[in-house]
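Trainee: I would like to go through the side-chain and helix packing here. Could we take it topic by topic?

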Amino acid sequence: MTENDKNAFAQIMYGLADNFSATITPEGMRFRFDCLSGYDLDQIKKASLYIVKTRKFTKMPTVAEFLEAIEGNESDRAEEQAMKVIEAVRMIGSYGSPVFEDPKTQRVVTVLGWNNICHTEETKIKFFVKDFIDAYQAESRRQSTVMISGSVPGDVRQLLSGIGSSIKKAS
């Protein structure tokens with residue numbers, strides 16, 4: 001969205017607030033706009049309609065709910081990525097080296113091994129999909145932890161590292 005979309009965005013937010021018998025402050029409006037500015041107005045409209053049609057709670061939807069309505073949840077994304085891997089197997093085969101746009105998919109494929117994935121029997125594809133989804137979600141959690149730990153002050157990080165070492169020694 002751009003600055004030109006602010007009025008249309010505000011109309012959507014006021015409509016949601018009315019639907020959910022909520023109020024929205026100017027600060028809340030700016031915050032939501034900033035958080036959702038990476039998406040176009042059409043995506044925001046579609047997400048709003050989806051939220052209004054499916055949500056049962058009577059408070060204003062969170063930014064996270066908008067993101068989930070636009071992008072899907074982690075499980076949806078993982079399943080979609082598993083299908084892209086299967087498609088790449090069929091198109092490229094074991095002699096190719098696929099590159100996936102999603103860095104989590106690229107990491108999971110690297111960990112699972114492209115050659116191993118390519119040699120999965122057709123009858124075991126559903127097991128591959130389940131394993132891929134589990135690995136993708138684990139990679140998402142790992143990346144979240146890395147992002148969070150990167151913002152932890154050095155002395156706290158050192159303390160956490162010491163606790164981790166103590167736990168390993170005790171086991």
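**Rings, charges and helix packing**

Mentor: Let us begin with a charge and a ring: the charged end of R55 sits over the ring of F20, 5.1 Å from its centre. Please keep in mind that this is a predicted model.

Trainee: And K6, which ring does its charged end sit over?

Mentor: The charged end of K6 lies over the ring of F33, at 5.3 Å from the ring centre.

Trainee: At what angle do helix 1 and helix 2 pack?

Mentor: Helix 1 (residues 6–19) and helix 2 (residues 26–36) pack at about 115°, and their axes are 11 Å apart. That angle makes helix 1 roughly perpendicular to helix 2. The crossing of helix 1 past helix 2 is right-handed.

Trainee: Changing topic: how many aromatic pairs are there?

Mentor: The count comes to 4 aromatic pairs. One of them joins F128 and F132, a tilted pair with 5.8 Å from centre to centre and 45° between the planes.

Trainee: Why is that one called tilted?

Mentor: The angle between the planes of F128 and F132 is 45°, and planes under 30 degrees apart would count as stacked, over 60 as edge-to-face, so this pair falls among the rest, which are tilted.

Trainee: How far apart in helix 8 are F128 and F132?

Mentor: F128 and F132 are 4 residues apart in helix 8 (residues 125–150), so about one helical turn separates them.

Trainee: Are those two buried or exposed?

Mentor: F128 counts as buried at 8% relative accessibility, and F132 counts as buried at 0%.

Trainee: Which residues do ring pairs link into a cluster?

Mentor: Ring pairs link F128, F132 and Y136 into a cluster.

Trainee: Where is T105, then?

Mentor: T105 is placed in helix 6 (residues 103–112). With a relative accessible area of 0%, T105 is buried.

Trainee: What about S140: what is it in contact with?

Mentor: S140 lies in helix 8 and is buried, with a relative accessible area of 9%. Apart from neighbours within four places in sequence, S140 is in contact with E74 and K104.

Trainee: And how far apart are S140 and T105?

Mentor: S140 and T105 are 35 residues apart in sequence, and their C-alpha atoms are 9.9 Å apart in space.

Conventions
Residues numbered from 1 in each chain as written. Predicted model: local features only at pLDDT ≥ 70, side-chain atom pairs only at ≥ 80, totals over all residues. Heavy atoms only, no water. Phe/Tyr/Trp six-rings, centres within 6.5 Å; stacked < 30°, edge-to-face > 60°. Helix = DSSP H or I, 4+ residues; strand = E, 2+ residues; numbered from the N terminus. Buried < 20%, exposed > 50% of the residue type's maximum accessible area, 1.4 Å probe, protein only. Lys NZ or Arg CZ within 6 Å of the ring centre and 35° of its normal. Axes fitted to C-alpha atoms, helices over the stretch in contact; angles between N-to-C directions. Parallel < 35°, antiparallel > 145°, perpendicular 65-115°, else oblique. Left-handed = near helix turned anticlockwise from the far one by under 90°. Contact = heavy atoms within 4.5 Å.
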